[in-house]
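Please read it alongside the sequence and the coordinates.

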Amino acid sequence: MTKDQYLSDLKNRLSSLSLEERNDILRDQEELIREAMAAGRTEESVIQGLGDPKSLASALTAQKHINKATHENSLASKFKLTMRAMVAVLALAPLNFLFLLGPVLIVGCLLFSAWATLIALGAVSFAGYGALITYSSLIPFAPLGHLASFSFITGSLGVTILVSMLLWLICKMFLNMLLSYLQWNVEFVQKQVRS
Amino acid sequence: MNSQFHKGVIEMCILALINEGDRYGYELVDAISKNLPISEGTVYPILRRLTQEGYCETYLKESSEGPPRKYYRMTSVGKSQTQELVGQWSSFVKSVDQILKIKNTTKEKKNDQRPISI
């Protein structure tokens, strides 16, 4: 592969990066090849040393997605970005990814059902208020009974909110753990490629 | 060289070299690979990351040998990070040397113990 072929191949594969980032990387690789050749290395040996443009591009793309997801604070965006990072790492290291798939799916389902339960509880609480108003005449022990029912429903709504906050934190933690694993994966694959 | 040692150490070396004076990419590759066997592709990604994290900043300088070169220069955050890392390295090396020394003195002591003949 010649220098121009290498750079053009790399350029095509970096389409998911921003123009600035892509040009930055291409500039660096170009300088590296040029300077190494000026120092006496052959074009072929330098380019071979740089490794396959495909895996370099996959690693860079995956790294970018991981960085974005890690720095994102909103849970919804973080989830979306983490999924994107997972796809990128899948392209890079399919076997490692499959190894991870089982546990991630299990935990994902658990968290999802936790959210579903909380939403249901929240809905029931609101329904409770509705019922309280509609059937207020049917509640025994007149004012105290109403107060007790109201307190109970508000209490369960409160618990739902508190548990959702906890669940939100747990989801974030889980995503960060997943991102750390993905990061490790990217670094591990890079080491294997460059020896 | 053991790759476990590699990872943090290369980054520290790069920071220390830039701290000494502004450098461009390949200059660092050259300086490090003279002493440590590294793959050429290792240095540039580290430089990108260090710049992203704010430890260094870049500027372009015209070069007589071709297109302008991107030079890396320390920021104040970078300077303190460099001092921190080099300090950690020095105490680490000292501690390990201590342990290796102890191992050697224990060996010598054992050799000196001879059975007393009656």
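Leaving aside residues up to four places away in sequence, Glu72(A) touches Ser77(A), Lys78(A) and Leu81(A), where contact means heavy atoms within 4.5 Å. Glu72(A) lies in the loop between α4 and α5 (75-92) of chain A. Helices (H or I, at least four residues) and strands (E, at least two) are DSSP runs, numbered from the N terminus. Glu72(A) counts as partly exposed because its relative accessibility is 23%; buried means under 20% relative accessible area, exposed over 50%, and partly exposed in between (1.4 Å probe, protein chains only). From C-alpha to C-alpha, Glu72(A) and Thr82(A) are 9.7 Å apart in space and 10 residues apart in sequence.

## Basis of the model

This is a predicted model in which local features need pLDDT of at least 70 and side-chain atom pairs count only at pLDDT 80 or more, while totals for chains, interfaces and linings use all residues. Residues are numbered from 1 along each chain as its sequence is written, chains are lettered from A and ligands numbered from 1 in the order in which they are written, and side-chain values use heavy atoms, with hydrogens and water left out.

## Chain A overall

Chain A has seven helices and zero strands, and its elements run α-α-α-α-α-α-α from the N terminus on. Its C-alpha atoms fill a box of roughly 95 × 30 × 20 Å along the principal axes. The radius of gyration of chain A is 27 Å, whereas a compact globule of 195 residues would have one near 16 Å. That radius is taken over C-alpha atoms, and the globule rule is 2.2 Å times the number of residues to the power 0.38.

Of the 195 residues in chain A, 38% are buried. Among contacts in chain A with a separation of 6 or more, 71% are between residues 24 or more positions apart.

## A buried asparagine

Asn185(A) belongs to helix α7 (residues 142-193) of chain A. With 1% relative accessibility, Asn185(A) counts as buried. Not counting residues up to four places away in sequence, Asn185(A) touches Val89(A), Ala93(A) and Asn96(A).

## Helix packing in chain A

α5(A) and helix α6 (residues 94-134) of chain A pack at an angle of about 160 degrees, their axes 10 Å apart. Axes are lines fitted to C-alpha atoms, for helices over the stretch in contact, and angles run from 0 to 180 degrees between N-to-C directions. The angle makes α5(A) roughly antiparallel to α6(A); angles under 35 degrees count as roughly parallel, over 145 as roughly antiparallel, 65 to 115 as roughly perpendicular and the rest as oblique. Leu75(A), Met86(A), Leu90(A), Ala91(A) and Leu92(A) in α5(A) meet Pro94(A), Phe97(A), Val104(A) and Trp115(A) in α6(A). By class, this contact has nine nonpolar, no polar and no charged residues. Ala, Val, Leu, Ile, Met, Phe, Trp, Tyr, Cys and Pro count as nonpolar, Asp, Glu, Lys and Arg as charged, and the others, Gly among them, as polar.

Helix α1 (residues 3-13) and helix α4 (residues 53-71) of chain A pack at about 35 degrees, with axes 9 Å apart. Tyr6(A), Asp9(A), Leu10(A) and Arg13(A) in α1(A) meet Pro53(A), Lys54(A), Leu56(A) and Ala57(A) in α4(A). The residues of this contact divide into five nonpolar, no polar and three charged.
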